[in-house]
Amino acid sequence: MQFSDRLRRRFTKLHRVVGRFYVAGVFVAAPLGFYIQYFNERAGGARSFSVAAAVDAILWIVTTAIAFAFILKGKVQQHRQWMTRSFAVAIVFLEVRVVLGVTGLEKVNGGAFDETVVWACVAFSLLFADVVLQWQELRSKRPAPARAPAATGAPAASAVLAGD
């Protein structure tokens with residue numbers, strides 16, 4: 001709903017309310033996600049997963065804060081770009097679980113491949129967001145189809161109509 005132009009225009013107030021809940025949720029969920037991973041580390045989990053969770057939490061907070069700052073300044077286009085990045089970072093938590101679960105990679109070498117998947121998802125999140133943004137920009141700036149050039153020997157339409 002937040003990314004649909006049509007719905008956003010139709011339900012502007014709802015867009016703002018949901019957006020505020022998203023921003024508040026980020027500032028609660030990001031540190032909480034890191035803390036949960038850190039707690040898991042104390043129970044025997046790898047330190048590298050805590051570092052990855054910290055990096056992802058920081059990226060999520062920073063991209064969301066930048067987007068929020070832009071909308072407060074009335075810079076809608078920049079706000080939309082940074083919210084796209086924020087969303088891409090947000091779904092890293094889901095991506096990791098889907099990639100590991102669907103492919104069965106969590107069972108490879110006792111979970112040794114998990115770390116690679118986590119870092120790859122973190123790294124590719126912002127790259128994927130920027131690819132989406134560039135694609136949208138290219139799509140919106142398509143040049144108008146060229147009109148066929150007028151024949152050089154034919155009289156101009158105004159001259160024909162005027163009887164010249």
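Biologist: By class, what does the lining of the second largest pocket have?
Modeller: This is a predicted model, where local features need pLDDT of at least 70, side-chain atom pairs need 80 or more, and totals for chains, interfaces and linings use all residues. Numbering runs from 1 along each chain, and side-chain values use heavy atoms, without hydrogens or water. A pocket is an open set of 1 Å grid points where a 1.4 Å probe fits, with protein on both sides within 12 Å along at least five of seven lines; lining residues have an atom within 4 Å of a point. By class (Ala, Val, Leu, Ile, Met, Phe, Trp, Tyr, Cys and Pro nonpolar; Asp, Glu, Lys and Arg charged; others polar), the lining has 11 nonpolar, 4 polar and 3 charged residues.

Biologist: Which helix supplies the largest share of that lining?
Modeller: Helices are DSSP runs of H or I, at least four residues. α2, α3, α5 and α6 each give at least two lining residues of the second largest pocket. The largest share, 5 residues, is from α5.

Biologist: How much space lies in the second largest pocket?
Modeller: Its space is that filled by probe spheres set on the joined points. The total is about 380 Å³.

Biologist: Which of the 18 lining residues are closest to the centre of the second largest pocket?
Modeller: α2 spans 12–42 and α5 spans 92–103. The closest residues are Gln37, Phe49, Val96, Arg97 and Val118.
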